[in-house]
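I opened this model to look up a few things and kept short notes as I went. The entries follow in the order I made them.

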Amino acid sequence: MEPTLSGPVSIPVRAGIGLRPPHMALVMDEKPDAHWFEVHSENFFGGIEMIGLLERVRRDYPVSLHGVGLSLGSADGLRMAHLEKLSRLIERIEPGLVSEHICWGAIGNVHLNELLPLPYTEEALDTMVERVLVVQEFLGRRILLENLSSYLEFSHSTIPEWEFVAALSRRSGCGLLLDVNNVYVNSINHGFDAEAYIRAMPADAVAEIHLAGHTRKEHLNVPLLIDTHDRRVSPEVWALFDLAVRLLGPKPTLIEWDQQIPDFSVLQAEAALAEELMHAPIAITA
Amino acid sequence: MPQSPSLLELQRAFADSMLGEHYPLAACVRPHGLKAEQRLQVYRNIVMITATDVLRTSYPAVLALVGEEFFSVAATRYLRTYPSQSGNLQDYGAHFADFLAVMPEALSLDYLADVARLEWARQQAYLAGESAPLDSSRAGAVVNSGLHLLLRPDVHLISSLHPVLDIWRFSQAPSPEGLSLGTGGQHILVWRDKDQVAMQAIDQPASRFIAALIEGASMDKAYAKATEDETEFDLQGLITLLLHHQLICAIEEHTT
Ligand SMILES: [Fe+2]
């Protein structure tokens with residue numbers, strides 16, 4: 001089958017929905033209301049059927065490709081085979097945005113297949129900057145990098161996370177995918193001011209926002225939030241999103257839900273809530 | 001572990017902390033109200049759950065045959081023995097059959113590894129690349145010649161001393177009559193049919209013929225393999241099956 005797409009379609013400044021395999025058929029058959037979709041790139045690396053399905057979705061909606069497996073922060077080099085697969089998928093799907101994470105997940109031949117935190121050191125920053133430059137050169141486009149949820153901090157970190165994120169964008173020219181839920185989760189887990197984090201983000205560089213639900217781990221001495229993507233966005237995260245919209249301006253915003261995936265209508269309702277905040281008139285406070 | 005490890009040292013120690021019994025990285029983690037080990041354990045659990053879920057999806061028959069508890073023990077040990085080597089989780093679990101074949105607690109289930117082999121073949125068939133089928137009018141004339149018959153990349157063959165296709169079907173839809181394990185081995189052709197995986201048992205000469213083709217033998221050499229023990233081989237029947245399901249993608253002449 002020949003590609004029938006007619007050039008990339010950019011992602012609108014609206015609330016989109018993370019599209020996961022359980023809803024693919026529904027989206028193709030019923031073409032439900034949604035401003036745009038984001039998918040995990042790796043779900044479409046193998047399997048002709050899967051890529052064919054995504055092409056069909058892409059004919060009807062703008063699509064963003066979100067990677068979870070490139071392991072940009074690995075000390076021992078870039079995973080070129082993975083990058084080549086991503087490149088082929090981009091050629092075929094012509095996504096509006098391409099994103100990855102500020103993290104690592106593999107070392108040597110071992111892939112832990114998770115988004116693992118980096119130490120926030122000059123060495124890690126140099127590594128990330130260099131990798132992002134190579135990837136952007138290879139793909140011939142700017143990519144977005146996302147801040148991640150984490151459950152530990154390394155004692156030899158020397159740079160606050162928000163400064164690390166901002167510096168990565170400044171030095172590599174990459175855009176930022178600001179996950180507001182991840183900011184909140186980390187602010188609780190590591191004890192920092194979530195609002196200050198948002199204020200430290202370069203507004204021009206932030207090209208997308210993520211929203212998702214998290215879970216609190218019980219029976220521990222201190223609160224520990226886990227980025228489970230298995231429920232609605234929490235009130236605290238909505239409040240932080242509201243602040244982010246005011247400070248950074250409205251951005252393409254995505255509802256992520258990856259476990260215990262609900263009816264599509266629930267995702268639409270979450271997206272509608274995000275839309276309300278994105279397009280609300282700025283309140284004048286006395 | 002130095003107090004300020006390099007990125008490489010840190011990532012190696014992190015991986016060891018995920019896959020081993022200990023936490024060599026604990027000294028480099030801020031406790032912040034918890035034990036450093038507790039924080040690392042959160043990650044170890046997440047890594048383990050992800051890996052186990054992938055195996056659960058890829059090996060539903062093995063799971064049904066051994067049950068949740070046994071399966072999660074096997075999955076944990078498998079991760080430590082054969083950690084993932086790919087950023088794409090669809091690749092994880094390729095060695096599960098080999099692992100089960102030598103797992104001491106699984107030795108009494110001597111068919112289990114072959115069931116796992118069949119399930120991995122099913123997944124490979126599903127994920128294989130596309131190929132245009134052969135124009136069937138070309139196929140009639142080439143039987144038993146020096147030509148090479150290329151099967152589609154999604155075609156796999158699993159040969160077992162056990163009735164693994166029957167076992168697989170039973171595991172997915174158990175029947176009240178139970179299942180007899182004494183019915184002898186099965187040879188199973190696996191391929192993708194639209195968006196489903198298809199399986200069909202074939203006889204031993206046919207399986208020898210297919211195995212030879214997959215290894216790259218010419219038609220006449222494959223025929224010799226199929227009939228090497230002088231059992232009857234219905235070549236025409238097998239070719240008809242392959243054509244019917246459009247499993248042949250090319251007929252080539254090799255000079256080697
Ligand atoms: Fe996210």
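I started with helix α5 (residues 112-127) of chain B, which has 16 residues and runs 23 Å from its first C-alpha to its last, close to the 22 Å expected at 1.5 Å a residue. I noted that this is a predicted model. I then checked how covered α5(B) is, and 13 of its 16 residues are buried.

Next I looked up the contact between the chains. Chain A gives 47 residues to the contact and chain B gives 45 residues. Between them, chain A and chain B bury about 3800 Å², with 62% of it on carbon and sulfur atoms. I searched this interface for salt bridges and the rule found one. E153(A) forms a salt bridge with R30(B), and their closest N and O atoms are 3.4 Å apart.

Last, I went to the metal. Which residues coordinate the iron ion? I found E146(A) (OE), D179(A) (OD), H210(A) (ND1) and E256(A) (OE), at 2.0 to 2.3 Å. The spacing of these donor residues in sequence is E-x32-D-x30-H-x45-E. E146(A) lies in strand β7 (residues 144-146) of chain A and H210(A) in strand β9 (residues 206-211) of chain A, 64 residues apart, so I logged the pair as linking distant parts of the chain.

I recorded the arrangement of the four donor atoms as irregular, because they subtend angles of 82 to 171 degrees around the iron ion. Tetrahedral would need all angles between 85 and 135 degrees.

Are E146(A) and H210(A) buried or exposed? E146(A) counts as buried because its relative accessibility is 2%. H210(A) is also buried, at a relative accessible area of 0%.

How values were computed:
Residues numbered from 1 in each chain as written. Chains lettered and ligands numbered in written order. Predicted model: local features only at pLDDT ≥ 70, side-chain atom pairs only at ≥ 80, totals over all residues. Heavy atoms only, no water. Donors = N, O, S within 2.8 Å, 3.2 Å for Na, K, Ca; no water. Tetrahedral: all angles 85-135°; square planar, octahedral: opposite > 155°, others 65-115°. Helix = DSSP H or I, 4+ residues; strand = E, 2+ residues; numbered from the N terminus. Buried < 20%, exposed > 50% of the residue type's maximum accessible area, 1.4 Å probe, protein only. Expected span 1.5 Å × (residues − 1). Contact = heavy atoms within 4.5 Å. Buried area = accessible area lost by both parts, 1.4 Å probe. Salt bridge = Lys/Arg side-chain N within 4 Å of Asp/Glu carboxyl O.
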